[in-house]
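Morning, everyone. Please look at the model on the screen, and I'll walk you through a few contacts.

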Amino acid sequence: MSSVAPTNTLNPLADHTVSARLAKKTTRHFRERVIEGVLFLCASFSVAITVGIVVILVSESYQLFQHISLFEFLTDNQWTPLFDDAHYGIMVLLSGTVISSLVALAVAIPLGTMIAIYLSEFAPFAVRETAKPFLELLGGVPTIVYGYFALLYVTPALQFFFPGLPGFNLLSAGLVMGIMIIPYVSSVSEDAMRSVPMAMREGSYAMGATRFQTAVRVVTPAAFSGIAAAYILGISRAVGETMIVAVAAGMQPNLTWNPAEPAATITAYIVQVALGDLPHGSIGYQTIFAAGLTLMLLTLFFNVVGHVMKRRYRQVY
Amino acid sequence: MADMTVAQIRALITKHKRWDLIFATVGVLALMVGVLTFVALFAGMVMDGAHRLSWDFFVNFPSRRAENAGILSAWVGSTLVMLVTAVTAIPVGVAGAVYLEEYAPRNWMTDIIEINVTNLAGVPSIIYGLLALGLFVYKFGFGQSILSAGLTLALLILPVVIVATREAIRSIPGVIREGAYALGATKWQTTADHILPYSVPGILTGVIIGLARAIGETAPIITIGALTFIAFLPPAPFTGDPPAGAFDWLFAPFTVMPIQMFNWTSRPEAAFHQNAAAAGLVLVVMTLSMNALAIYIRYRLRKKIKW
């Protein structure tokens, strides 16, 4: 009697509901698996995007390279795919991309780094809390608006100082692009600097260092991997930026290393072709994919460099 | 050091302190470059474009005559494209993030997905345009339509939504999950009833920032071949040429705000530049208020939640 009674009081329904509960558990389990499957599909969708990008760019470029040689693509010093006398020298577009990016980085890297150091090490709390959202807003302005600004305000202003400057030029596009990139550089660098442990700053202050010495000799080296990542982000932004250069730098392919000249970048060329209507499958149509592939490889290269630098200089506190 | 007099040491300290001050000034100046550029940009557009902002500007189609031109087709197009983008990017992005945070086992597959999401965020937007041109426009046959544009921008903001959702989910303490599991909830019940509702503000922040970015994107939409001059609206549901359906507008040609602005900017006449300034003003106010809303939600979130 004593052996039967406790089981019944503890679980009075045990005998006839076990199978029903197990059955319910099976459907529940099945439902869970289906949901997990759906979620997995959504997550792997991002991989599908990457695969899609690579397949589209490579397959269209491959068709182009049936007509022209890779050697010609890399070494020719003219880019005139839409003319009768067609030349396909990607160097021409690359030079525009490189020059406008260099101008932009010459603005964004020093200013962005200084802003980051200032906000992280010097600024009072109130200034930091106001400046950070403001910088985010600056990064949220549509690039076409920056393009408008470069063409109709910055270029005339520059022409006031350099009267010979043409209406379309890489300089003003690059300068405005630099301003646009500042928030990316400053916010990522600042995050890196702020994640340097307080103890390192305290150690430095205890040795009698000033704020400036601490910022430059202790915090910046310690946050180097993060700052490098910020620079890399800035570089990929500059290289891939489209509307500012399309509007303000003109769309004339021009092999030049002089920022005061008009020139087309890789991105501006793609826009120019897309604005006209080239038939699907023509050589002109395929050139924009080859240009896109070049751009993609360029950003990929910088991302890999950034990754390696991050690995190499990561400080473990 | 030992042979320095107190006066010398004081002088040294003063010198170094001066560097502090100099750098702080330089920092403020650097910050001011950003601030002043923005102020100049905004003030310039207000001066050139504010007088064009009237009711007519919002309800007129673009026109050959600058003073009659308006942004009706542009803002309707932008709204519809954003609708497609939101409807596709939010569910896929949130689901993907939930998988990565709550379900994903630690294996090479998960690593690939994670690295991939990070890298996608760094791909230039025009590359997405090329993908869409090859895939949506020609392979799937969607043409240069609202559907193609919306899907393109959805791909573009997917990483933004995923990253924001993951951060929101990650900030929910493990105790919440353990509590749910202890009461016999399954993983999905825990996720749907606890994790997702608690991360809504964080997800919302990410979604708004993503959409604000998408609404200002020009390059990928130009790349898929959107027209720059559209003087008609997409058909309303059940009114288009037969077969009239509820979703005819998805396949209609369209233009969006940034493209309209680009079109006006690249014309030589100053009258059109004023239109561009006015359109730019609308665009900037739109994206900035979206961003400000996102910042506000995040600020509230940081203040209010105490687990």
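Seven residues of domain 1 of chain A are in contact with eight residues of domain 2 of chain A. Contact here means C-beta atoms, placed from the backbone, within 7 Å. On the domain 1 side, three of these residues are nonpolar, three polar and one charged. Nonpolar means Ala, Val, Leu, Ile, Met, Phe, Trp, Tyr, Cys or Pro; charged means Asp, Glu, Lys or Arg; the others, Gly among them, are polar.

Quick background. This is a predicted model: local features need pLDDT of at least 70, side-chain atom pairs count only at pLDDT 80 or more, and totals for chains, interfaces and linings use all residues. Residues are numbered from 1 along each chain as its sequence is written, while chains are lettered from A and ligands numbered from 1 in the order in which they are written.

Where are the domains? Domain 1 of chain A is 5-67, and domain 2 is 90-313; an automatic or database assignment sets those bounds. Their centres, over C-alpha atoms, are 41 Å apart.

Now the two chains. Chain A puts 70 residues into the contact, and chain B puts in 69. Helix H2 (residues 14-67) of chain A gives the most on its side, 20 residues. Helices are DSSP runs (H or I, at least four residues), numbered from the N terminus. Chain A's side has 47 nonpolar, 17 polar and six charged residues.

Last, a helix pair. H6(B) passes H8(B) in a right-handed crossing: the near helix is turned clockwise from the far one by less than a right angle. Their contact holds 15 nonpolar, six polar and two charged residues.

Definitions and conventions. Contact = placed C-beta atoms within 7 Å. Helix = DSSP H or I, 4+ residues; strand = E, 2+ residues; numbered from the N terminus.
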